[in-house]
Amino acid sequence: MSRYRIAWLPGDGIGQEVCEAARVVLDAAGFAADYLPGDIGWEYWRREGDALPARTLDLLRQTDCAFFGAITSKPASVAVRELAPELRDRGLTYRSPIVRMRQMLDLYVCLRPCRAFPGNPLNYRENIDLVVFRENTEGMYIGVEFPRIPQEFRVVPAMAQLPDGAAISIRSVTYGASRRIVEAAFEYAVKRGRRKVTAVHKANVLRATCGVFLEAAQEVAGRYPQIEFDTANVDAMSMWLLKNPLNYDVIVTTNLFGDILSDLCAQMVGGMGFAYSGNIGDAYAVFEPTHGSAPKYAGQYRVNPLATILAAGMMLEWLGEVDKAGEIERAVSEVVAQGATRTYDMGGNAGTMDVAHAVAACLQHTHAAR
Ligand code: IPM
Ligand code: MG
């Protein structure tokens, strides 16, 4: 059997310890892989002016997929101040490495399952089982931004009316990118026996960009008559999700709305300790816990590693190791239900590695029972 090659990118802060926890579980699942460590994160921004160095991009090209922990991101002005002195006046701008990977590798699906594990004391309601499909390459994330509107833009009448000194961020939405994310959501619904897809937008105000998204969503939905389809404005959706989370199933939306709604959905099933993502393209994927690097907890081995462990499960599934993926998810579910090993966010006092070993022990029972 050929071994998988995984780019291993723990990154900053707690990224290190949650990835260590995930490794314990991957090993216990009997997953045979070579883990190739890659440089990514704040340290490389400071020292080299690039948080995602070219050698790391090369590593991504030579591996089956990547596993990513977390990264520290600071506001633009702080980022420049923290650069090594010799790099400071080169006009470098910091851009989030995860956003860059999503765009450079065309990882157009951001898949974020939010499932209430039975017995999780943090569940907002039992039985919540939502999946967010977030468009991952365009929208408000294209990075076309101007702290002050450039003079040359003023030739466009609508731009001429903007106040002097207005900062602008451009939102770009294409029919093609909208269509493929909605297709991914429907294909997932079909394969997983899901009943409904909801496309979320704000087309009553963002007529151009959300108009295109909605048009594409409607076209795709027409090809899947067996799946119920509805649409909702993002503001109303936030309200309804809280009111009736069980009415929703698969949610598909543009980049920034997906960023926001996926945090809302995550909070309903236990918060960032349970929020994990697959950034998935046609040929490559990057799996990650959705949380940040939490500098104040770094090195303490206190944070909840379950999101990272679930991300590892999702990675195995994407690689075609479906049985092992299922075993990991079941083991997590069992540890949550038993309630003996819980990190502080769940009201317990177990450490990060205690949780990893508890999940690993469940996996070993599964294997022993065979
Ligand atoms: C996420 C995060 C990122 C995003 C940040 C870290 C750039 O919030 O993955 O949801 O905005 O996409
Ligand atoms: Mg986010």
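**Exercise 1. Find the side chains that make polar contacts with oxygen atoms of ligand 1, and state how far the protein covers the ligand.**

Start with Arg 102: a polar side-chain atom lies 2.7 Å from an oxygen atom of ligand 1. A polar contact here is a pair of N or O atoms within 3.5 Å. Next take Arg 134, with an N or O side-chain atom 2.8 Å from a ligand 1 oxygen. Finish with cover: on its own, ligand 1 has 320 Å² of accessible area (Shrake-Rupley method, 1.4 Å probe). The protein covers 70% of that area.

This is a predicted model; local features need pLDDT of at least 70, side-chain atom pairs count only at pLDDT 80 or more, and totals for chains, interfaces and linings use all residues. Residues are numbered from 1 along each chain as its sequence is written, chains are lettered from A and ligands numbered from 1 in the order written, and side-chain values use heavy atoms, without hydrogens or water.

**Exercise 2. List the residues around ligand 1 and sort them by class.**

List those with a heavy atom within 4 Å of the ligand: Ser 96, Val 99, Arg 102, Arg 112, Arg 134, Tyr 141, Asp 259 and Thr 290. Now sort. Ala, Val, Leu, Ile, Met, Phe, Trp, Tyr, Cys and Pro count as nonpolar; Asp, Glu, Lys and Arg as charged; the others, Gly among them, as polar. The shell has two nonpolar, two polar and four charged residues.

How values were computed:
Polar contact = N/O pair within 3.5 Å; in protein donor to acceptor, adjacent residues only side chain to side chain.
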